[in-house]
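These are my notebook entries on one protein chain, written down in the order in which I looked things up.

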Amino acid sequence: MEGNPGAVLPVTEKILRTGENQGFTAAALFRSQHRLAEIRRQTEQLLRNAVLVMPTAGGTWTREQVMADPIGTNSQMGLYTNHCNLLDLSAIAIPAGEADERLPFGITMFSLPKNEEITGDPSKPHCCHGRINRRQVYGSG
């Protein structure tokens, strides 16, 4: 970026430049990796033979709102899903009706990779007439 100003979008440059933070040291990385490993072990215990169900997105935004604050809106969009990759979870996002007229809503079901079959068959619909089929998702009536 230094040798080629304007080569990337300003928002991309802003994100990349966060790597210049003096607090991002090898020691901090080491501590963070160990903390993440600890959280992964806890997650494996909590999700043993279980599914975590969360909203797919932390809200809905217009294109204008995203353009005005691309980092903030994208962070909110991934509020309930960003952990999936860090924790090495399997996930399936499914439609779950509408939050409002012409405003879609969905849920994401997370599981451990070795138990991903308990999230259901992605080829079969989980929803019925815009409502969550609770029997299929939660296993009860």
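**Entry 1**

I began with T25, which I found in the loop between α1 (10-17) and α2; helices here are DSSP runs of H or I with at least four residues, strands are runs of E with at least two, and both are numbered from the N terminus. I noted T25 as partly exposed, with a relative accessible area of 36%, where buried means under 20%, exposed over 50%, and partly exposed in between (1.4 Å probe, protein chains only). A polar atom of the T25 side chain lies 3.0 Å from the backbone nitrogen of A28, and I read this against the rule for a polar contact, a pair of N or O atoms within 3.5 Å, of which, within protein, one must be able to donate a hydrogen and the other to accept it, while residues adjacent in sequence count only if both atoms are side-chain atoms.

I reminded myself that this is a predicted model, in which local features need pLDDT of at least 70 and side-chain atom pairs count only at pLDDT 80 or more, while totals for chains, interfaces and linings use all residues. Residues are numbered from 1 along each chain as its sequence is written, and side-chain values use heavy atoms, with hydrogens and water left out.

**Entry 1: the whole chain**

I listed six helices and five strands in the protein chain, and from the N terminus on they run α-α-β-α-α-α-β-β-β-β-α. Of its 141 residues, 18% count as buried.

Is T43 buried or exposed? I found T43 in helix α2 (residues 26-46), and T43 is buried, because its relative accessible area is 12%. Leaving out residues up to four places away in sequence, T43 touches L87, L89 and L112, where contact means heavy atoms within 4.5 Å.

T73 lies in helix α4 (residues 70-77) and counts as buried at 6% relative accessibility. Its side chain reaches the backbone oxygen of D69 at 2.8 Å, and, with residues up to four places away in sequence not counted, T73 touches W61, Q65 and V66.

**Entry 2: positive phi angles**

I then looked at N49, which has a positive phi of about 55° although it is not a glycine. N49 sits in the loop between α2 and β1 (52-55) and is exposed, with a relative accessible area of 62%. D88, in the loop between α5 (83-86) and β2 (90-100), also has a positive phi, near 55°, and is a residue other than glycine.

**Entry 3: the sheet**

In what order do the strands of the open sheet stand? I wrote down β1-β3-β2, three strands with antiparallel pairing, where two strands pair if DSSP finds at least two bridges between them. β1 and β2 stand at the edges with a single partner strand each, so one side of each has no neighbour in the sheet. Eight bridges join β2 to strand β3 (residues 103-111), and S90 stands opposite S111 in β3.

**Entry 4: the cores**

Which residues make up the largest nonpolar core? I found six, namely L47, C84, L87, L89, F110 and L112, a core being a set of buried Ala, Val, Leu, Ile, Met, Phe, Trp, Tyr and Cys residues joined through side-chain atoms within 4.5 Å. A second, separate core has five residues, including I94, A96, I107 and M109.
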